[in-house]
Structure formats: C-alpha cells, structure tokens
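Student: Hi! Could we go through this one together? I have a few quick questions.
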Amino acid sequence: MGDLLEDDVEFRGGTLELSTENGGAGNPENRSKGVTPSHNKIKTPLNANPSVLSGADSLSSSASSFADARQDQSTSNNENAPQQAHTVYPRYDVPFDKDNIKDFFTFRRGVVENAIQECITALLFPEDGEYLGSWLLTEITLWDNEKERIVLLTSRLVMTIKYDFIAMKQLDFRKTYLDDLDTVVIGELVYPPSSLVPERNLRGVRMMWNKGEPLPLKTVWNPFSQDVPFITFASHPIYWHKDGGAEERSTYDMETFAQKLQRAIEGMPSSSCCIHHSPIVIQSYLGITSLLHNKTSMGFFKVRGKFSF
C-alpha cells in the first residue's frame with residue numbers, strides 16, 4: 001500500500017533549464033592584469049562543460065540573504081576587518097511539530113540504528129570500498145516528492161536504500177559510483193521564479209551524472225522513470241526534533257553527509273567531479289500533488305490513525 005501511495009502523478013508545466021557558470025577565466029580585463037582565478041578544493045574536469053542544473057543565474061533572490069537558523073550566533077559587519085570565507089545557510093522552516101514527529105517509526109529508539117546496521121551487513125562488500133558513514137535522509141525526487149531513505153557512503157559509492165521501518169526489511173537499493181559523478185551541487189533548495197510552490201527555506205545536496213546534458217522528454221514527463229541522472233537529498237525531519245547534541249543528530253543531517261561526500265570525491269585521484277556551492281532549483285511550477293504528498297508525509301513510515309504505512 002505504501003508503494004502505491006509513494007508513486008504520485010501530477011501535471012508538470014515546465015521544462016528543465018541549464019545555466020552555465022563562467023568562471024571568469026575568459027575575462028579580458030583579468031587576462032590583461034595577469035589574474036588567474038583559483039578554485040579551492042574543487043576539481044574541474046578538463047573536457048567537461050561545467051553546466052549546473054541549479055538555475056542560479058535565473059534567480060532573483062540570493063542565498064546570501066538568508067541566515068543560519070541552526071546556530072544562535074550573530075556576526076558584526078566590520079568594514080576594516082578582512083573578509084573571511086564562510087558558509088551562509090538559509091532560514092530553516094522546521095518540518096512538522098514535536099507531537100507529529102512522534103508518529104514516525106524512525107523516531108523510536110534504536111529503530112534507525114538497527115536498520116542501518118542491517119543494511120551495512122547485508123549490502124556492503126569489500127569491493128565497495130572503505131565505509132565512511134551512514135545517514136537517514138530525505139530524498140527529493142524529480143517530481144518534488146519527499147521520500148525517507150537510508151544512505152550509505154563508502155570511498156567508491158553512495159548507496160540509497162528504501163527501507164520498510166514497520167516490517168524492518170529492505171525494499172530496494174541503488175548504487176551510485178563516485179567515479180560516475182560529474183557535478184555535485186550544495187546549496188539552498190529553491191523553485192523557479194514563475195513557480196507557485198511556496199519556498200522551502202531548506203538546504204540540500206544534489207549529485208549529478210548527466211554531463212551537463214538536459215533531461216530527455218521521456219524522463220521529464222514520466223513520473224515512473226528510473227533514468228533520472230541525479231539524486232537530491234535534504235535533512236530528515238527528525239533532525240530538528242531529535243534530543244541530544246550534534247553528534248546524536250548527525251545521522252539525520254544533510255550537511256554532515258555533504259561534507260563527507262566532498263572529502264571522498266576530493267580523495268579520489270581519478271575523479272573529475274565539479275563541486276559547486278549554489279542554489280538547487282527544483283523544477284516544480286504548480287505542484288499540487290507534491291504539496292499534498294509532502295504535507296501528509298506519505299513518503300515516510302508513520303502511524304496514521306488506526307493504520308500504519
């Protein structure tokens with residue numbers, strides 16, 4: 001029953017747009033001054049077009065206008081002080097409330113830990129590389145539907161696992177090899193300017209292996225397509241409600257996963273993946289079905305009245 005409810009169909013009235021980021025190397029003024037742009041900790045492929053499926057150039061708002069709501073720290077603007085690179089997070093809209101989150105099966109003590117350990121034992125093998133970490137995250141599909149997923153990271157791959165937290169068994173899994181990735185985008189989840197969907201005020205990470213090519217129409221308009229060349233993750237709703245410190249909540253934190261993913265990619269000499277910090281556009285324009293799906297948390301296993309699915 002849960003599988004049927006997860007496969008939602010809605011009308012999509014938009015197309016995917018690719019925005020190409022020009023690093024400024026072709027600026028005549030920079031060449032005349034002998035200025036060479038530097039990219040710290042970012043590997044750029046030699047023959048790849050650094051197109052990012054983020055739509056950052058088409059946005060009227062900037063991620064720098066948001067403040068990190070997860071840290072109760074204030075910063076003062078000092079014009080004389082040297083500028084330091086820092087990460088700017090958006091305002092976080094806390095999903096669900098404390099009473100509602102208790103209906104999630106993953107909120108129960110030991111459920112997530114046991115499920116992750118089972119997946120590690122059954123699905124990871126020595127040829128998959130060194131184990132780096134595990135998380136329970138929210139996958140955001142092409143159709144803007146939120147799904148509860150276990151994510152395992154090794155030095156060679158990212159494994160996304162669909163798990164039944166009621167029956168405590170694996171339903172499906174997918175391996176994405178780091179060597180196949182050409183772009184990773186970390187940033188605010190936003191919608192196109194013409195979208196009627198309310199802003200999420202949430203950050204995410206998107207792993208892509210489409211080599212800068214637009215999605216074919218058979219993939220864009222097919223809600224059951226399995227050929228989508230990217231995966232988007234956000235923090236699990238439990239992150240904002242889990243008792244304990246940062247270490248206890250890190251299992252549900254997208255930021256921790258993104259940091260370890262970036263380090264794993266940088267540690268691979270054979271990888272030519274570009275890592276971008278920019279907004280991630282979710283191509284949803286009306287999204288009535290996805291709004292209903294996400295509001296009722298149909299992609300999560302929880303108690304729903306007399307039923308559980």
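Predicted model: local features only at pLDDT ≥ 70, side-chain atom pairs only at ≥ 80, totals over all residues.
Student: Which residues in H4 are buried?
Tutor: Val 111, Val 112, Ala 115, Ile 116, Cys 119, Ile 120 and Leu 123. Because they cover an arc of only 160 degrees around the axis, they sit on the same side of H4.
Student: And which exposed residues are on the face of H4 turned away from that buried side?
Tutor: Asn 114 and Thr 121 are the exposed residues carried there.
Student: How many residues does H4 have, and how far does it reach?
Tutor: H4 runs over residues 111-123, so to speak a helix of 13 residues. From first C-alpha to last it reaches 18 Å, close to the 18 Å expected at 1.5 Å a residue.
Student: New topic: where is Arg 200?
Tutor: Arg 200 lies in the loop between strand E7 (183-190) and strand E8 (202-208).
Student: Is Arg 200 buried or exposed?
Tutor: Arg 200 counts as buried because its relative accessible area is 12%, and the cut-off for buried is under 20%.
Student: What does its side chain make polar contacts with?
Tutor: The Arg 200 side chain makes one with the side chain of Glu 146, at 2.8 Å, and another with the side chain of Tyr 191, at 3.0 Å.
Student: Which residues is Arg 200 in contact with, leaving aside neighbours within four places in sequence?
Tutor: Glu 146 and Tyr 191 are on that list, along with Asp 93, Ile 140, Asp 144, Leu 189, Ile 282 and Asn 294.

Note on methods:
Residues numbered from 1 in each chain as written. Heavy atoms only, no water. Helix = DSSP H or I, 4+ residues; strand = E, 2+ residues; numbered from the N terminus. Expected span 1.5 Å × (residues − 1). Buried < 20%, exposed > 50% of the residue type's maximum accessible area, 1.4 Å probe, protein only. Arc of directions from axis to C-beta. Polar contact = N/O pair within 3.5 Å; in protein donor to acceptor, adjacent residues only side chain to side chain. Contact = heavy atoms within 4.5 Å.
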